[in-house]
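Here are my notes on this model, point by point. Please read them with the coordinates open.

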Amino acid sequence: MNRTYVLNCPVDLCDCETALDSVYSALNDNKNFHIVTINPEMIMNAQKNKNFFEILNKSDLNIPDGVGVRIALKMQKINQNQIRGVDFSRCLMDLAAKKSLRVGFLGAKEEVIKKAKENFLKKLPDLNFCYVRNGYFDSIEEIIEEIKLSSPQILLVGLGSPKQEEIIVKLKEILKGCVFVGVGGSFDVFSGCTKESPLIFQKLGLEWLYRTVLEPKRLKRIFPVLPLFVIKCIINTIIKGQKIEKNS
Ligand code: UDP
């Protein structure tokens, strides 16, 4: 799989099928596999958070999520389709049902995570849940112990970033043969608590606008991060005449 870099953070150029192929071979080899659905907010955070930068550089697959990443890749003359985290997670659940894999969900509020599980089971009654837990807890050690005992083969973690990636790194050290995905607010979408943006917004790359209109408090998160990200990418590629690549 081809890999490029956006502001020194790796981004894998793939589609849903090739990403699923990598998942499949990791499961066959009984290896851990950490997937990040990488977006501009994460890349900007990695510029100032060294630990998070390391995490993004050590993960196994960084799927391009968010229209901002697509724009940054376009500046490198790379045409890459955005892979929405929610769509990818749904594909993973299809795979899990087909292959009878043990699935774990960690994150979101109690009523949200319960409803998300319920909705998946309506569509995929064969889905084999071994762990479902809300994302509000006091002891991370307790959660890690619980997950270790349930031994999932696919674990979706929706605690927001970088919290979800940090716990995945800890889990990676003690589990075997597990595919971990940080899914952000996806459980809110799966539960139906957050409305998914209409297809036209998705196609136009304006999902962020739809979400911001529904949740105006997101505005503080998006601005100035998103415009700064684009400006930084422009400076790196067009003005400095560099490719947005990792410094060797
Ligand atoms: N969350 C959680 N535990 C926490 C903080 C957040 O489970 O301590 C959940 C929250 O309920 C939401 C998700 O993490 O479901 C964060 O969603 P956000 O919109 O921040 O993620 P994004 O989709 O923007 O990456």
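1. A definition comes first. Two strands count as paired if DSSP finds at least two bridges between them. Strand β3 (residues 33-38) and strand β8 (residues 179-182) pair in the parallel sense over four bridges. Keep in mind that this is a predicted model.

2. Overall make-up. The protein has 13 helices and eight strands. Its C-alpha trace spans about 50 × 40 × 35 Å along the principal axes. For 248 residues, a compact globule would have a radius of gyration near 18 Å, and the protein agrees with that, at 18 Å. Of the 248 residues, 37% count as buried. Take the contacts between residues at least 6 apart in sequence: 71% of them join residues at least 24 apart.

3. The sheet. In what order do the six strands of the open sheet run? The order is β4-β3-β8-β7-β5-β6, with parallel pairing. β4 (61-64) and β6 (128-133) stand at the edges. Each has a single partner strand, so one side of each is left without a neighbour in the sheet. Neighbouring strands are turned by 15 degrees against each other on average, direction ignored.

4. On the β8 side, Phe33 stands opposite Val179, and Val36 stands opposite Gly182. On the other flank, β3 and β4 are joined by four bridges, again in the parallel sense. There Thr37 stands opposite Ile63 in β4.

5. Val157 stands opposite Gly182 in β8.

6. Side-chain directions. In β8, Val179 and Val181 point one way, while Phe180 and Gly182 point the other way. Buried or exposed? All four of these β8 residues are buried.

7. Which strands does helix α5 (residues 85-99) touch? The helix packs on the sheet and touches β3, β4, β5 (102-107), β7 (154-158) and β8. Its direction makes about 155 degrees with that of β7.

8. Ligand shell. How many residues surround the ligand? There are 13, and the closest are Ala108, Gly135, Gly160, Gly184 and Gly185. By class, the shell has four nonpolar, seven polar and two charged residues. For that tally, Gly counts as polar.

9. Cis peptide bonds. Most residues other than glycine have a negative phi, and most peptide bonds are trans. Two bonds here deserve a check against that background. The bond from Ser161 to Pro162 is cis, with omega near 10 degrees. Pro162 sits in the loop between β7 and α8 (163-174). The bond from Phe223 to Pro224 is also cis, with omega near 10 degrees. Pro224 sits in the loop between α12 (219-222) and α13.

10. Positive phi. Leu7 has phi near 50 degrees, a positive value in a residue other than glycine. Asn8 has phi near 70 degrees, again positive and again not in a glycine. Leu7 lies in the loop between β1 (2-6) and β2 (9-13), and Asn8 is found in the loop between β1 and β2. Why is Leu7 classed as partly exposed? It has 19 other C-beta atoms within 10 Å, and a residue is buried only if 20 or more lie within that distance. Asn8 has 16 such atoms within 10 Å, so Asn8 is partly exposed.

11. Where the chain returns. Thr237 belongs to helix α13 (residues 225-239). Val6 is 231 residues away along the chain, and the C-alpha atoms of Thr237 and Val6 are separated by 9.9 Å. Thr237 has 19 C-beta neighbours inside 10 Å, so this residue counts as partly exposed.

Note on methods
Residues are numbered from 1 along each chain as its sequence is written. This is a predicted model: local features need pLDDT of at least 70, side-chain atom pairs count only at pLDDT 80 or more; totals for chains, interfaces and linings use all residues. Helices (H or I, at least four residues) and strands (E, at least two) are DSSP runs, numbered from the N terminus. Axes are lines fitted to C-alpha atoms, for helices over the stretch in contact, and angles run from 0 to 180 degrees between N-to-C directions. Two residues are in contact if their C-beta atoms, placed from the backbone, lie within 7 Å. A residue is buried if 20 or more other C-beta atoms lie within 10 Å of its own, exposed if 12 or fewer, and partly exposed in between; C-beta atoms are placed from the backbone. A residue is near a molecule or strand if its C-beta atom, placed from the backbone, lies within 6 Å of it. The radius of gyration is taken over C-alpha atoms; the globule rule is 2.2 Å times the number of residues to the power 0.38.
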